[in-house]
Amino acid sequence: MNAEAVPMTQPQHSMSDTIRRPTVAFPLLLIVLTMAIFSVAVAFLSNAFWLSACTSAVALSLSVTGLAVLYGQLGLVSLCQFALVGVGGWVALRIGHAYHPPFELSMLAGGVVAALVGLVFGIPALRLRGLYLALVTLMLAGTFQTIISAWGFPDGGPGFLGRADGAGRAMLARPSMATGATAYFLYVCAMATLGFVVMQWHKLAKPGRAWALIRKGETVAVASGVNVLTYKAWAFALSGFFAGIAGALLAGNVGQLDGRAFSAFESLNLFALTIVGGSYNWFGALIAGLLLRAVPALLTDLGIDGYVTIGIFGVALFHALATAPTGIAGQISALIARVGRLFSGREAA
Amino acid sequence: MLKILKVMAASLTLGLLSALSAHAAVSCGDNSGKPATGEPIIIGAITGKTGPDDFSNSTKSALAYFNCLNANGGIKGRPVKYLVEDDQWNPETAAQLAAKLVNDQKAVLMVGNSSYVECGANAEFYKKAGIEVIAGVGVPRECFFAQNYAPTNAGPRVSMLGAMGYALDKLNAKSVACIGPNIPNVGTWSCDGVVSLAKEKGFKAETILMDPGSADATSIILKAAASKPDVIVLGMSKGVAVPLLTAAEEQGLNQTITFLSAASAYDLSVPATIGPAWDGKFFVNMEFNDLQATTPDNQNWLAVMDKYGQKSDPRDTFAQAGYLAARIAEKALMTLDPKNITRETVSAAVRQVKGFQSDIFCAPWYFGDGQPRHNANSSTRMAVSEGGKWKVVSDCAPSPDPELKDVRAFEATMK
């Protein structure tokens with residue numbers, strides 16, 4: 001059964017496999033099921049430290065899922081995704097502290113503004129590809145780094161920047177239904193599941209087919225009647241939206257954000273780990289999120305120097321590029337497929 | 001009368017201590033030389049080790065003192081288990097680590113914390129968890145405006161205004177340019193202090209904020225000199241301050257303008273690095289006593305570092321801060337029944353700390369029970385660069401920071 005679901009997520013197959021179109025519902029249900037098992041397992045097994053680390057990891061995996069669409073579906077390299085996480089976080093904090101709406105509203109505002117900014121950041125992509133797009137987006141990430149290190153994140157103060165000059169910094173309230181650490185983790189997992197499902201639906205349905213055509217070549221896409229501009233712009237907006245939501249969820253985890261954690265390097269890191277995690281399978285995003293936050297947490301827990309993570313990520317990226325372009329998720333899904341074939345007997349031959 | 005007696009008693013004990021230390025060299029715990037073997041007392045710390053700068057000297061020094069304490073009877077027989085975590089200058093990590101130390105490891109107290117990001121990230125959490133923090137080095141504003149967080153150092157603003165006060169009183173400055181990093185709650189906070197003091201005392205002040213990561217030192221210095229100030233005060237780390245001074249020297253500005261700096265540029269290597277052109281021209285504020293002071297407690301700190309620390313542990317002002325934090329923690333814990341050391345009893349004892357004497361401090365340190373914020377260390381000294389060394393040029397003087405009014409008012413009620 002699994003074997004059927006998996007090839008669909010790989011773009012090469014989705015092109016040639018048009019004859020037998022499987023139902024969209026099953027893979028989506030599979031996501032919900034997997035995430036449910038994952039979140040309950042983590043919620044029961046982890047202590048406060050790991051719960052906090054996993055909350056960040058799952059929140060960040062939402063931003064990875066956006067990046068995975070740009071890279072996995074369209075082949076576009078965007079190196080400013082973490083800056084968009086920052087934009088979403090900034091807006092969520094600003095709205096949250098100014099009007100104290102329900103958390104969901106601040107989060108949505110963060111997502112929408114990040115989507116708009118992502119759209120603007122995506123404008124160069126209409127003309128540029130490959131290295132040039134990477135350079136331009138990296139510079140945008142650098143711009144964000146400069147701005148945010150000067151502005152900082154809002155913490156309950158007055159004015160546009162919302163910096164508190166008087167008493168201590170105010171914290172962004174978590175959603176009223178999930179104020180505790182475990183409840184908030186489950187909340188973030190639910191949001192991530194929703195995001196994964198939306199993204200997977202996009203890949204399996206019409207937008208996914210359009211993106212695949214654009215990836216083949218814009219002439220091909222235009223000839224097939226695909227509106228290249230709309231679908232590219234939509235991908236950027238969607239990617240930005242999920243980055244923004246991730247930023248808001250991160251802000252909700254600690255109650256605030258800090259400008260120093262949003263350097264351009266983080267965007268590079270995010271992109272590298274998207275590749276390592278795997279940008280063709282939905283759970284690649286989850287793996288990348290865990291790599292981003294759980295691996296450093298593990299090293300911290302073991303008392304290993306924080307710099308070691310960067311080295312480990314570098315080696316992992318090299319490994320992924322050299323031997324496993326579909327990332328860890330691709331390898332896992334290949335394994336599942338092989339096991340599936342073994343069980344279904346003769347089909348393997 | 002009682003006060004005089006108290007002072008006499010204190011000086012007598014200090015004198016006795018110094019006489020003792022001549023023999024024992026190292027003083028900590030009950031000085032019995034018997035290792036503590038009881039159930040460990042868990043104390044945590046969060047520090048920014050990996051990242052833009054290494055802030056872990058404070059916890060290294062605190063660890064050395066706790067090692068010394070554990071080798072000398074511990075807290076009435078119970079050793080201290082000191083858990084230090086690196087927040088990597090990331091507030092998210094800092095929050096995770098606080099959860100780990102407080103919720104998972106069940107720490108009863110935090111000691112020696114020194115981090116750029118931790119105060120803002122964790123102050124609320126500490127308050128909710130009912131745990132107190134005797135921090136080593138606090139830098140951003142959040143470290144001095146939290147209910148459960150009391151650093152031993154003075155902080156960049158108090159230190160910068162200490163330097164400013166010296167410029168006003170001793171150098172007769174009538175105008176100033178303040179150069180600070182454009183980091184919210186650090187540079188702006190410090191230079192705002194200079195501006196508000198200027199309003200209060202009626203001198204001219206100008207603020208220049210710079211990005212410490214990417215700045216052209218010459219253009220910054222020229223911008224600061226454009227208003228022809230009598231003095232320029234710097235709020236930068238030594239890594240940024242030294243290039244600024246070099247650029248100023250290239251422009252010949254060291255001949256016409258006196259430069260001062262907050263304690264962030266107080267490092268033994270600085271005078272030799274900037275050279276003889278700055279002799280008598282570059283003043284620095286000190287949050288603690290001279291690193292090489294021959295006073296008893298400073299000597300004890302150095303001796304503890306030699307015997308119980310690593311050779312590679314730096315002997316800088318951060319280390320002084322960590323040592324003091326550990327000693328204050330020891331003082332608080334010693335008041336407790338060793339069988340009844342819980343987070344509640346420890347927090348209560350820490351809140352009661354007052355009149356903590358050390359010659360590394362200018363004034364006795366206190367926690368400030370019930371205060372919404374803490375800044376006990378607010379009197380500082382000044383030193384000047386001379387012949388490749390720092391020469392201490394002033395006695396302890398209270399920092400003229402207008403924002404310290406609440407702290408001064410509280411101190412008045414303690415007397």
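Which residue takes a positive phi just after helix 12 of chain A? The residue is A:Gly278, with a phi of about 115 degrees. The structure is a predicted model, in which local features need pLDDT of at least 70, side-chain atom pairs count only at pLDDT 80 or more, and totals for chains, interfaces and linings use all residues. Residues are numbered from 1 along each chain as its sequence is written, while chains are lettered from A and ligands numbered from 1 in the order in which they are written.

Chain A contains 15 helices and zero strands. Here helices (H or I, at least four residues) and strands (E, at least two) are DSSP runs, numbered from the N terminus. The radius of gyration of chain A is 20 Å, close to the 20 Å from the globule rule for 349 residues, so the chain is as compact as a globular protein of that length. This radius is taken over C-alpha atoms, and the rule is 2.2 Å times the number of residues to the power 0.38. Along the principal axes, the C-alpha atoms of chain A fill a box of roughly 70 × 45 × 40 Å. Of its 349 residues, 52% count as buried. A residue is buried if 20 or more other C-beta atoms lie within 10 Å of its own, exposed if 12 or fewer, and partly exposed in between, with C-beta atoms placed from the backbone. Among chain A contacts between residues at least 6 apart in sequence, 77% join residues at least 24 apart. Two residues are in contact if their C-beta atoms, placed from the backbone, lie within 7 Å.

Confidence is given by pLDDT, the predictor's value for each residue, from 0 to 100. Chain A has a mean pLDDT of 86, and 91% of its residues reach 70 or more. Over residues 1-19 of chain A, pLDDT stays under 50. The model has 31 contacts beyond four places in sequence for that segment. Where pLDDT is low, the predicted coordinates should not be read in detail.

Helix 12 of chain A covers residues 264-277. Its 14 residues should span 20 Å at 1.5 Å a residue, and its end C-alpha atoms are 20 Å apart, which agrees. The expected span is 1.5 Å times one less than the number of residues. Eleven of the 14 residues are buried, so helix 12 of chain A is largely enclosed by the rest of the structure. Among the buried residues are A:Glu266, A:Leu270, A:Phe271 and A:Ile275. Their cover includes helix 4, helix 5 (81-99), helix 7, helix 13, helix 14 (307-323) and helix 15 (327-343) of chain A.

At the interface, 26 residues of chain A are in contact with 26 residues of chain B. On the chain A side, two or more residues come from each of helix 4 (48-73), helix 7 (130-151), helix 11 (228-254) and helix 13 (282-302). Helix 4 of chain A gives the most, with five residues. By class, this side has eleven nonpolar, ten polar and five charged residues. Ala, Val, Leu, Ile, Met, Phe, Trp, Tyr, Cys and Pro count as nonpolar, Asp, Glu, Lys and Arg as charged, and the others, Gly among them, as polar.

Chain B has 13 helices and 13 strands. A compact globule of 415 residues would have a radius of gyration near 22 Å; chain B has 21 Å, which agrees. Its C-alpha atoms fill a box of roughly 65 × 45 × 45 Å along the principal axes. Of the 415 residues, 55% count as buried. Chain B is divided into domain 1 (2-155 + 291-377) and domain 2 (156-286 + 381-414), with bounds from an automatic or database domain assignment. The C-alpha centres of the two domains lie 28 Å apart. Their contact takes 17 residues from domain 1 and 19 residues from domain 2 of chain B.

B:Thr152 lies between strand 5 (149-151) and helix 5 (156-169) of chain B. B:Thr152 is buried, with 31 other C-beta atoms within 10 Å. Beyond its neighbours within four places in sequence, its contacts include B:Ala135, B:Leu324 and B:Trp365. B:Gln88 lies in the loop between strand 2 (80-86) and helix 3 (91-104) of chain B. Its phi is positive, near 55 degrees, and B:Gln88 is buried, with 24 other C-beta atoms within 10 Å. B:Lys106 lies in the loop between helix 3 and strand 3 (109-111) of chain B. Its phi is also positive, near 60 degrees, but B:Lys106 counts as exposed, with 11 C-beta neighbours inside 10 Å. Most residues other than glycine have a negative phi.
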